[in-house]
There are 2 protein chains.
Amino acid sequence: MIVRVEVMLKDGVLDPQGEAVRHALGALGFEGVDRVRQGKLIELDLAEGTTEEQVRQMCEKLLANTVIESYRIEM
Amino acid sequence: MIVRVEVMLKDGVLDPQGEAVRHALGALGFEGVDRVRQGKLIELDLAEGTTEEQVRQMCEKLLANTVIESYRIEM
């Protein structure tokens, strides 16, 4: 089964990567780009029967740094 | 308006980051993790009226390396 996990920096945490993308888009002539946030998208191919709680544990222990990142599980 | 762009490595392109995550999950005792792919999730706050074609241009010119990455736009 394919499970998707989105990991984004929490609001208020500086995102230099996103800021660099915003700046580069402006330099390329794209107008109206207000804010850019860049996160991670992790696709896991897991054994059938894996529970959401197990995926949550993976996020808490490895996939996300919960001090500065939030995550969302899609299964 | 918030537009989301997902950028993933194309199938067949080696994903060392995803492989490292898969290995680390195994080392942490999580079983049944077959394959992991890691991509980017980019959230753009764009001016109202920005067209999908404009976002596609941003992807082609900056956000994705279309030789090895595919992208998907959600608006």
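Modeller: The bridge partner of A:V7 in β3(A) is A:Y71. Helices (H or I, at least four residues) and strands (E, at least two) are DSSP runs, numbered from the N terminus. This is a predicted model, in which local features need pLDDT of at least 70 and side-chain atom pairs count only at pLDDT 80 or more, while totals for chains, interfaces and linings use all residues. Residues are numbered from 1 along each chain as its sequence is written, chains are lettered from A and ligands numbered from 1 in the order in which they are written, and side-chain values use heavy atoms, with hydrogens and water left out.

Strand β1(A) (residues 2-9) is joined to β3(A) (residues 69-74) by 6 bridges, and the two run antiparallel. β1(A) also has 6 bridges to β2(A) (residues 33-46), again antiparallel; there A:I2 stands opposite A:D45. Of the 8 residues in β1(A), 7 are buried, where buried means under 20% relative accessible area, exposed over 50% and partly exposed in between (1.4 Å probe, protein chains only).

These strands belong to an open sheet of 6 strands, ordered β3(A)-β1(A)-β2(A)-β2(B)-β1(B)-β3(B), with antiparallel pairing; two strands pair if DSSP finds at least two bridges between them. At the edges are β3(A) and β3(B), each of which pairs on one side only. On average, neighbouring strands of this sheet are turned by 25 degrees against each other, direction ignored. Helix α1(A) (residues 16-27) packs on the sheet, touching β2(A) and β2(B), and its direction makes about 125 degrees with that of β2(A). Axes here are lines fitted to C-alpha atoms, for helices over the stretch in contact, and angles run from 0 to 180 degrees between N-to-C directions; contact means heavy atoms within 4.5 Å. Helix α2(B) (residues 52-63) lies across β2(A) and across β1, β2 and β3 of chain B, at about 155 degrees to β3(B).

In chain A, helix α2 holds A:R56. Leaving aside neighbours within four places in sequence, A:R56 is in contact with A:Y71 and A:I73. A:R56 is partly exposed, with a relative accessible area of 33%.

The loop between β2 and α2 of chain A contains A:A47. A:A47 is partly exposed at 34% relative accessible area. Not counting residues up to four places away in sequence, A:A47 touches A:M1 and B:G32.

The largest pocket is lined by 17 residues, among which A:G39, A:K40, B:Q38, B:G39 and B:K40 lie nearest its centre. Strands β1 and β2 of both chain A and chain B each supply at least two residues of that lining. A pocket is, on a 1 Å grid over the protein atoms alone, an open set of points where a 1.4 Å probe fits, with protein on both sides within 12 Å along at least five of seven lines; lining residues have an atom within 4 Å of a point.
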